[in-house]
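Subject: A structure to look through

Dear colleague,

Please open it first, and then read the notes below beside it.

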Amino acid sequence: MSDHAPALETSTGLDSRKLAIWTFIGSECLFFATLISNYLVHKQQWLTGPGPFPHEVWTDPATGKVLEPIIEIPLVTVGTALLLFSSLFIVLALYGAQKGRRGMLLGWLGATILCGLFFVGMQVYEFTHFVHKGLTLQRNMFGASFFVLTGFHGTHVTIGVIWLITMFILALRKQLPSTRSLNLEIAALYWHFVDVVWVVIFPVVYLIK
Amino acid sequence: MATTVLGHEQTLPAHGAKTGLWSWITTVDHKRIGILYGATAFFFFLLGGLEALLIRIQLAKPDNNFLSPEAYNQLFTMHGTSMIFLAIMPLSAMFFNFMIPLQIGARDVAFPRLNAFSYWVFLLGGLYLNVSWLFGAAPDAGWFGYANLTSKQFSPGLNVDFWVIGLQILGVSSLAAAVNFFTTVLNLRAPGMRLMWMPIFTWMSFITQILLLLAFPVITVALILLMFDRFFGTGFYVPAAGGDPLLWQHLFWIFGHPEVYILILPAFGIISEVLPVFSRKPLFGYAAMVFSGIFIAFLGFGVWSHHMFATGMGPIADTYFSLATMLIAIPTGVKIFNWLGTIWGGSLQYKTPLYFALGFIAMFIIGGLSGVMHASPPADLQQTDTYFIVAHFHYVMFGGSIFGLTAGAYYWWPKIFGRMLDEGLGKLHFWLMLIGFNLTFFPMHIVGLLGMPRRTYTYPAALGFDTLNLVETVGAFILMVAFLVFIYNVIKTTRGPRNAPADPWNGATLEWSIPSPPPEWNFGQTPQVHSRDPLWETKRARGGPLPEPSPGTGAGIHIPNPSYWPVVSAIGVTAIFASLMMAHKTGYWGVIVAVSILFFGLYNWLFEKGYSEFTTEH
């Protein structure tokens with residue numbers, strides 16, 4: 001970065017922006033820890049609505065009809081897998097950025113963005129599907145805590161996708177040379193964090209009964 | 001990539017005007033932002049004080065009808081909320097802003113525009129909370145906002161909405177500032193300044209940032225759940241829906257207990273700066289001070305349920321939280337003995353900051369002792385929800401934080417404004433505050449133990465509360481006079497000449513090595529640090545006081561450009577929350593507009609010329 005701006009040595013040797021994103025991620029851990037705790041406290045508590053369990057066949061008390069389980073694991077598993085792979089893709093994109101290999105950068109960054117978009121789309125589909133099956137935000141405590149937890153995670157993914165698209169456009173305009181790869185590295189740290197949070201949420205919500 | 005890019009000024013026009021309203025709106029100078037924080041927080045402090053005076057007038061005599069019960073609820077809620085979030089926290093932030101960069105020998109904070117953003121969000125959040133008065137719907141469920149007082153069923157009006165949204169906005173400000181100062185302290189220390197050579201105020205402030213980073217996300221989620229309950233009909237805190245009101249108490253106090261250390265640790269830091277300077281001795285037990293501060297912060301996350309003994313958690317939880325709470329007395333005691341060790345045998349300079357620092361120690365000990373009393377569940381069950389608790393937390397919040405912050409104000413005033421405050425008026429301020437404070441809050445111990453409940457708008461005659469309550473009201477008005485004396489002192493000395501030398505108190509830390517007030521670029525030359533008390537070291541090596549430093553011309557020193565994008569982004573953040581509150585009446589188009597404002601502000605911020613690598617010519 002010597003060519004265009006006076007740079008200051010930092011006390012830790014770590015770039016301040018990188019330290020700041022790590023700090024922010026530390027704080028975000030508490031945010032998601034609280035949301036996950038809230039889900040665990042509430043998931044067994046429903047007085048009305050789909051039950052007794054979101055993973056099992058249930059009978060609608062109003063109509064007496066026997067209905068499928070609310071949660072469908074296969075689709076979410078695909079979304080989860082793609083989100084996990086996107087963490088690998090962004091590492092490859094960053095490698096491309098650092099080595100100045102623009103094709104590699106654009107390709108893998110594009111793949112990361114597509115995975116993110118698929119995940120967000122999967123979640124939109126899942127939410128509407130759940131609502132059709134009768135699980136709404138107001139229906140019971142499982143619904144409320146599920147939608148709030150996964151909804152806030154989805155919001156984080158969406159912000160990440162917008163951030164990565166911004167990086168992609170910069171790369172397209174040849175504004176992301178290897179000297180500026182730190183910008184992508186910071187975005188990647190955030191992206192990895194969002195993935196790691198999902199690694200916790202997925203088993204807690206979908207796999208553990 | 002061990003570098004920080006700060007942009008560069010060579011290719012840009014000179015940095016805008018230095019005076020006028022626009023220069024304050026667009027400023028990114030940590031010193032100016034510090035002054036903005038201070039002025040705004042002092043205004044809210046006076047507002048919170050006014051609310052307290054109205055409460056005291058109502059309680060001056062039994063069966064009084066000066067205030068309606070509804071108005072009383074709004075006043076005590078806004079008094080508590082304002083004093084915590086709009087007065088003490090931002091008054092500490094004033095010192096973080098002004099002093100941390102100077103104490104560590106930096107030119108500014110790590111992210112100057114983020115710093116401006118934090119201030120503007122704080123200002124807008126504070127105004128948002130107080131705009132509720134104009135709607136006749138000020139928050140009225142207490143600063144703790146217990147469920148299910150806050151549920152739609154029991155609080156259908158806008159009051160609680162204003163509180164939830166106001167606190168969310170203020171949370172954004174606190175978190176942004178915490179990321180900024182955490183990074184600043186770790187990354188921008190002057191060459192040679194090791195962590196264990198940092199000034200103790202910087203250390204305590206650094207610990208405070210960690211508490212903010214870890215505690216605020218929890219209250220954010222608690223408030224989000226409350227927002228969903230109120231705006232979208234969920235039932236997280238509604239028993240009938242399967243929710244649990246106690247969840248709120250747990251989440252609130254997991255935030256709320258660290259929050260009290262967020263309020264007191266900066267004051268600890270200020271006291272630990274003032275006592276050595278006015279005792280002419282280095283701080284006694286520096287390392288013990290640092291580690292006891294860390295220990296207090298760590299324990300602060302493990303004691304939240306001592307606020308909840310009355311909920312009946314059972315003997316095991318009660319025992320754990322009781323013991324953990326009593327454990328906090330140990331590091332706090334270490335601090336108090338170290339302060340005493342610092343002044344022991346010192347050559348005491350009886351100046352106003354020392355008066356307030358000594359007042360702090362005495363008052364804080366009283367508050368600390370009553371705190372240990374209700375760490376015991378059986379005692380707490382008698383004391384909870386009585387004025388005894390009100391007495392306790394005013395001894396730590398006012399006797400502690402406010403005395404400490406006032407000591408800091410008198411200590412650093414010459415540095416910030418280049419003028420000495422009047423010593424005689426300062427001491428008058430101290431004695432009025434000490435007497436008024438004890439008259440107001442000491443009798444609360446007694447009426448509390450006699451059983452007078454908190455948060456109740458009046459009390460019947462003949463319960464033995466009358467005289468003591470009248471004394472408390474008289475005390476509150478003496479406190480008012482004390483702060484009027486302070487304001488008079490400020491006005492009087494502001495009209496006088498700029499008379500403060502660079503180092504009026506024979507200070508030990510770097511902020512006293514530069515002119516008062518400091519030039520925009522702080523340090524003409526980056527200081528080199530070789531010890532814990534660098535300025536004392538320099539003076540000792542020279543064998544006497546240093547000559548008045550020259551500010552230098554600032555030529556060749558990079559100073560970040562003014563920017564208005566932080567203000568635009570702050571408006572966007574505030575608008576998002578405000579539009580959420582209004583969405584059920586106006587629809588969601590408001591949220592979309594607000595998000596657009598935020599994105600517009602953020603993108604212009606990120607690609608701003610002079611800051612961004614992407615747009616700055618080279």
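**What was found**

A:Lys174 has 8 C-beta neighbours inside 10 Å and therefore counts as exposed; a residue is called exposed if 12 or fewer other C-beta atoms lie within 10 Å of its own, buried if there are 20 or more, and partly exposed in between, with the C-beta atoms placed from the backbone. A:Lys174 sits in the loop between α4 (141-172) and α5 of chain A, and its phi is positive, about 60°, although it is not a glycine. Helices (H or I, at least four residues) and strands (E, at least two) are DSSP runs, numbered from the N terminus.

Before going on, please keep in mind that this is a predicted model, in which local features need pLDDT of at least 70 and side-chain atom pairs count only at pLDDT 80 or more, while totals for chains, interfaces and linings use all residues. Residues are numbered from 1 along each chain as its sequence is written, and chains are lettered from A and ligands numbered from 1 in the order in which they are written.

**Chain A**

Chain A holds five helices and three strands, and read from the N terminus its elements follow the order β-α-β-β-α-α-α-α. Its C-alpha trace spans about 70 × 35 × 20 Å along the principal axes, and 38% of its 209 residues count as buried. Two residues are in contact if their C-beta atoms, placed from the backbone, lie within 7 Å; among the contacts in chain A between residues at least 6 apart in sequence, 75% join residues at least 24 apart.

After α2(A) comes A:Gly100, with a positive phi near 70°.

**Chain B**

Chain B has 17 helices and one strand. Its radius of gyration, taken over C-alpha atoms, is 24 Å, close to the 25 Å that the globule rule gives for 618 residues, so chain B is as compact as a globular protein of that length; the rule is 2.2 Å times the number of residues to the power 0.38. The C-alpha atoms of chain B fill a box of roughly 70 × 65 × 50 Å along the principal axes, and 55% of its 618 residues count as buried.

Which residues make the contact between α3(B) and α7(B)? Helix α3 (residues 69-103) and helix α7 (residues 245-279) of chain B pack at an angle of about 35°, with their axes 10 Å apart, where axes are lines fitted to C-alpha atoms, for helices over the stretch in contact, and angles run from 0 to 180 degrees between N-to-C directions. The contact is made by B:Ile84, B:Ile88, B:Met89, B:Ser92 and B:Phe95 of α3(B), together with B:Ile262, B:Leu263, B:Pro266 and B:Ile270 of α7(B).

Helix α5 (residues 159-187) of chain B has 29 residues that should span 42 Å at 1.5 Å a residue, and its end C-alpha atoms are 42 Å apart, which agrees. This helix is mostly covered, with 29 of its 29 residues buried.

**Loops of chain B**

A cis peptide bond, with omega about 0°, joins B:Ala147 and B:Asn148, and B:Asn148 lies in the loop between α4 (112-131) and α5 of chain B. Another cis peptide bond joins B:Ser516 and B:Pro517, with omega about -15°, and B:Pro517 belongs to the loop between α14 and α15 of chain B.

B:Arg455, in the loop between α13 (423-449) and α14 of chain B, has a positive phi of about 55° although it is not a glycine, and it counts as exposed because it has 12 C-beta neighbours inside 10 Å.

With best wishes

Methods: Expected span 1.5 Å × (residues − 1).
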